[in-house]
Amino acid sequence: PLTAVFHVAGVLEDGVLASLTPERLARVFQPKVEAALVLHELTRELPLAAFVLFSSIVGVMGNAGQASYAAANAFLDGLAAHRHALGLPATALAWGPWGGEGMAARLSDTDRSRMRRRGLIPLAPLDGLALLDVALGRPEPALVPVHLDTGAVAASGDPAPTMRRDPDHAAGLRRSRSSRSEEHTSELQSR
């Protein structure tokens, strides 16, 4: 029997918002949004152990010229939250860039430089797999596994989106999660 679903589709159709046509949006939305909805509908009555959606940090932080990709990935994060609210298994992983042969490998030098200035460092594939393992054991419906250079974020003068919302609330969350984070970090380090 089917016990888990992993939706890992990723299609880029870069362009500023004004240049996006319905056809260009569809090239990104069909494999990301429409396919995820079909998987959700077809499996919602099954006793799945996991329903995992690979989304992107672009849906969280945005990125120049990637409006359709950001929207599609933000939808996946929302779908995971919806499934979670229904009591269904759901984990959306808004991945940062991966090193090796991932989608980020096709970026231009200018794009890579912009990514680094924003604090995004490509994940080594083994680190990404270890983060996946940890994420599958977490209860939250949406996580952001990313190698973030906080010094670069601070130097850019443009705080990460989660730091813009409610700094006092975010600080409280960081304090309350610190003991759990240390527990998971030591688990990951022991591997």
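Modeller: Helices (H or I, at least four residues) and strands (E, at least two) are DSSP runs, numbered from the N terminus. In this protein they come to eight helices and six strands. The model is a predicted one, in which local features need pLDDT of at least 70 and side-chain atom pairs count only at pLDDT 80 or more, while totals for chains, interfaces and linings use all residues. Residues are numbered from 1 along each chain as its sequence is written, and side-chain values use heavy atoms, with hydrogens and water left out.

Colleague: In what order do the elements run from the N terminus on?

Modeller: The order is β-α-β-α-α-β-α-β-α-β-β-α-α-α. Strand E1 covers residues 4-7, strand E2 residues 50-56, and helix H3 residues 67-85.

Colleague: What percentage of contacts between residues at least 6 apart in sequence join residues at least 24 apart?

Modeller: Contact means heavy atoms within 4.5 Å. Among contacts between residues at least 6 apart in sequence, 73% join residues at least 24 apart. Leaving aside neighbours within four places in sequence, Ser 68 is in contact with Glu 13, Leu 20, Leu 25, Val 28 and Phe 29.

Colleague: Where is the place of Thr 3, and which residues does Thr 3 touch beyond four places in sequence?

Modeller: Thr 3 is in the segment before E1 and is partly exposed, with a relative accessible area of 46%. Not counting residues up to four places away, Thr 3 touches Leu 48, Ala 49 and Ala 50. Pro 47, 44 residues away in sequence, has its C-alpha 7.0 Å from that of Thr 3.

Colleague: How are aromatic pairs read, and how many does the count come to?

Modeller: Rings of Phe, Tyr and Trp (its six-membered ring) pair if their centres lie within 6.5 Å; planes under 30 degrees apart count as stacked, over 60 as edge-to-face and the rest as tilted. By this rule there are two aromatic pairs. One of them joins Trp 95 and Trp 98 edge-to-face, at 5.1 Å centre to centre and 70° between the planes. Trp 95 is buried at 6%, whereas Trp 98 is partly exposed at 24%. Ring pairs link both of these to Phe 54 in a cluster.

Colleague: In which strand is Phe 54 found, and is Phe 54 buried or exposed?

Modeller: Phe 54 belongs to strand E2 and counts as buried at 18% relative accessibility. Beyond its neighbours within four places in sequence, the contacts of Phe 54 include Phe 6, Val 8, Asn 73, Leu 76, Trp 95 and Leu 132.

Colleague: What sits over the ring of Phe 51?

Modeller: A charge sits over a ring if NZ of Lys or CZ of Arg is within 6 Å of the ring centre and within 35 degrees of the ring normal. For Phe 51, the charged end of Arg 83 sits over the ring, 3.8 Å from its centre.

Colleague: How many salt bridges does the count come to?

Modeller: Side chains of opposite charge can pair when their charged atoms come close. A salt bridge requires a side-chain nitrogen of Lys or Arg within 4 Å of a carboxyl oxygen of Asp or Glu. The count comes to two. Glu 41 pairs with Arg 44, the closest N and O atoms being 3.4 Å apart; Glu 41 is partly exposed at 48%, and Arg 44 is partly exposed at 30%. Arg 138 pairs with Glu 140, with the closest N and O atoms 2.8 Å apart, and both of these residues are buried.

Colleague: Which residues form a nonpolar patch on the surface?

Modeller: Patches are made of residues with over 30% relative accessible area and no salt bridge, like charges being joined within 9 Å and nonpolar side chains (Val, Leu, Ile, Met, Phe, Trp, Tyr) within 5 Å. Phe 6, Val 8 and Leu 136 form such a nonpolar patch, with about 260 Å² of accessible area together. Phe 6 lies in strand E1 and counts as partly exposed at 39% relative accessibility.

Technical notes:
Buried < 20%, exposed > 50% of the residue type's maximum accessible area, 1.4 Å probe, protein only. Areas by Shrake-Rupley, 256 points an atom, 1.4 Å probe, with all protein chains shown as cover.
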